[in-house]
Each structure stands twice: as C-alpha cells, then as structure tokens.
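Okay, everyone, thanks for coming.

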Amino acid sequence: MTSPFRDLDRPPLREADLHRALVAPDGAADPGLWRDIRVVAATESTNADLLVAARSGQPSGTVLVAEQQTAGRGRLDR
C-alpha cells in the first residue's frame with residue numbers, strides 16, 4: 001500500500017524503533033506509561049481497534065499507530 005502522506009518527507013513508521021525508544025524494558029525501575037506499541041498500515045479507527053483489543057485482554061498502556069486512518073473522528077472530532 002502506498003501512503004497518501006508520502007509528501008511528509010519522512011520514512012514509514014517502524015514499530016521496532018518506536019518500541020525501543022518509548023517502551024521501558026521489562027524490569028526497568030520506571031516502567032513508564034506505554035507497555036506496547038503497534039504500527040499498522042491502515043485502519044478505520046485506532047480507538048475502535050484499541051477498544052476491541054482491551055476487551056480481549058490487551059494490557060493497559062498499549063498504543064496503536066496507523067499510517068492511514070480511514071474513518072474515526074480523530075482528536076477533537078476533526
């Protein structure tokens with residue numbers, strides 16, 4: 001899939017890099033806020049996907065990032 005945001009002059013999001021930079025390693029003195037970060041190419045709504053994940057047992061602190069979001073309201077209903 002080609003991102004419609006290829007003009008943003010940035011490489012695609014890399015899950016491993018985000019995880020390494022933002023998630024504390026197991027056993028860290030300060031575990032931080034985020035426990036897991038997942039990157040998907042596209043989704044209708046990251047919030048709806050996370051709601052489903054939470055209901056199926058995904059732990060609190062999971063972050064979902066999408067290169068493209070096709071529905072959903074986004075921040076401040078925009």
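I'll go from the fold to the strands, then to some side chains and the surface.

Quick ground rules before that. This is a predicted model, so to speak, with local features needing pLDDT of at least 70 and side-chain atom pairs counting only at pLDDT 80 or more, while totals for chains, interfaces and linings use all residues. Residues are numbered from 1 along each chain as its sequence is written, and side-chain values use heavy atoms, with hydrogens and water left out.

The protein chain has two helices and two strands, and along the sequence the pattern reads α-β-α-β. Helices here are DSSP runs of H or I with at least four residues, strands are runs of E with at least two, and both are numbered from the N terminus. Of the 78 residues in the protein chain, 15% count as buried. Buried is under 20% relative accessible area, exposed is over 50%, and partly exposed sits in between, using a 1.4 Å probe and protein chains only.

Now, how do the strands pair up? Strand 1, residues 36-43, and strand 2 run parallel, with seven bridges joining them; for two strands to pair, DSSP has to find at least two bridges between them. Going from strand 1 to strand 2, the chain passes through helix 2, and this β-α-β crossover is right-handed. That label applies if the path from the first strand over the helix to the second runs clockwise, with the strands pointing away from the viewer. For specific pairs, V40 has A66 in strand 2 as its bridge partner, and A42 has Q68 there.

Let's look at helix 2 itself. T46 lies in this helix, and T46 counts as buried because its relative accessibility is 15%. The side chain of T46 has a polar contact of 3.3 Å with the side chain of Q69. By polar contact I mean a pair of N or O atoms within 3.5 Å; within protein, one must be able to donate a hydrogen and the other to accept it, and residues adjacent in sequence count only if both atoms are side-chain atoms. Past the helix, S56 is in the loop between helix 2 (46-55) and strand 2 (62-69). The S56 side chain reaches the backbone oxygen of A53 at 2.9 Å, and S56 counts as exposed because its relative accessibility is 60%.

On to charges. Which residues does D17 pair with? D17 meets R14 in a side-chain salt bridge, 2.8 Å from N to O, and the rule is a side-chain nitrogen of Lys or Arg within 4 Å of a carboxyl oxygen of Asp or Glu. D17 also forms a salt bridge with R20, with the closest N and O atoms 2.4 Å apart. Shared partners join R14, D17 and R20 into one network. By this rule, the count is two salt bridges. D17 and R20 are three residues apart in helix 1, about one turn. D17 is partly exposed at 29%, whereas R14 is exposed at 54% and R20 is exposed at 61%.

Last stop, the surface. L22, L33 and W34 make a nonpolar surface patch of about 300 Å². Patches take residues with over 30% relative accessible area and no salt bridge, joining like charges within 9 Å and nonpolar side chains (Val, Leu, Ile, Met, Phe, Trp, Tyr) within 5 Å. Areas are from Shrake-Rupley with a 1.4 Å probe, and for residues only the protein chains shown count as cover. L22 lies in helix 1, residues 15-22, and L22 is partly exposed because its relative accessible area is 41%.
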